[in-house]
Amino acid sequence: MFVVNLRDQIKIDNQRTFLNTKEFADEYTIDGKKVKAVLNSATDSKHPLAYAEGVSLVTETLHVDELELGYIPEQGQRMNVNGKMRTLIRVASEKGMLALYLEANVT
């Protein structure tokens, strides 16, 4: 009988289910590289910038496989996600997956 340890099973589940484009993931272009990822987005229009009327803060969490992206981005860097510039506020890495916390001001 073949036994898979928990860490390996999590990696398998991430690829087969979470990052499966027929399940949860979509294809994104991050700084010119196409990857499978899951994006959660929210707009905070209740607390717009004090100096810019009509501007809302968009916060996004992009979940991507660390190996597929090929590097670990650094906090504060600007990232181009599908042609839209975002600022990386925080990055978390757990069991081969990256959670990229992004922000942008939009009109």
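Tutor: Helices (H or I, at least four residues) and strands (E, at least two) are DSSP runs, numbered from the N terminus. This is a predicted model: local features need pLDDT of at least 70, side-chain atom pairs count only at pLDDT 80 or more, and totals for chains, interfaces and linings use all residues. Residues are numbered from 1 along each chain as its sequence is written, and side-chain values use heavy atoms, with hydrogens and water left out.

Student: How many bridges pair strand 3 with strand 6?
Tutor: Two strands pair if DSSP finds at least two bridges between them. Strand 3 covers residues 56-65, and strand 6 covers residues 97-106. Leu62 stands opposite Leu100 in strand 6. The two strands are antiparallel, and their bridges number 10.

Student: Which residue takes a positive phi in the hairpin of strand 5 and strand 6?
Tutor: Strand 5 and strand 6 run antiparallel, joined by seven bridges. Glu94 has Met97 in strand 6 as its bridge partner. Two residues lie between the strands of this hairpin. The one with a positive phi, near 50°, is Lys95.

Student: How much of the chain is buried?
Tutor: Buried means under 20% relative accessible area, exposed over 50%, and partly exposed in between (1.4 Å probe, protein chains only). The chain has 107 residues. The buried share is 28%.

Student: Which residues does Val64 contact, leaving aside its neighbours within four places in sequence?
Tutor: Contact means heavy atoms within 4.5 Å. Val64 is one of the residues with the most contacts inside the largest core. Its partners beyond those neighbours are Val35, Lys36, Ala37, Leu69, Gly96, Met97, Leu98 and Leu100.

Student: Is Thr61 buried or exposed?
Tutor: Thr61 sits in strand 3. Among its contacts beyond four places in sequence are Val38, Ala99 and Tyr101. Its relative accessibility is 16%, so Thr61 counts as buried.

Student: What is the N to O distance in the salt bridge of Arg86 and Glu60?
Tutor: A salt bridge is a side-chain nitrogen of Lys or Arg within 4 Å of a carboxyl oxygen of Asp or Glu. Arg86 is buried at 7% relative accessible area, and Glu60 is buried at 8%. Their side chains meet at 2.9 Å.

Student: Which residue lies over the face of Tyr101?
Tutor: A charge sits over a ring if NZ of Lys or CZ of Arg is within 6 Å of the ring centre and within 35 degrees of the ring normal. Here the distance from the ring centre is 4.0 Å. The residue is Arg90.

Methods. A nonpolar core is a set of buried Ala, Val, Leu, Ile, Met, Phe, Trp, Tyr and Cys residues joined through side-chain atoms within 4.5 Å.
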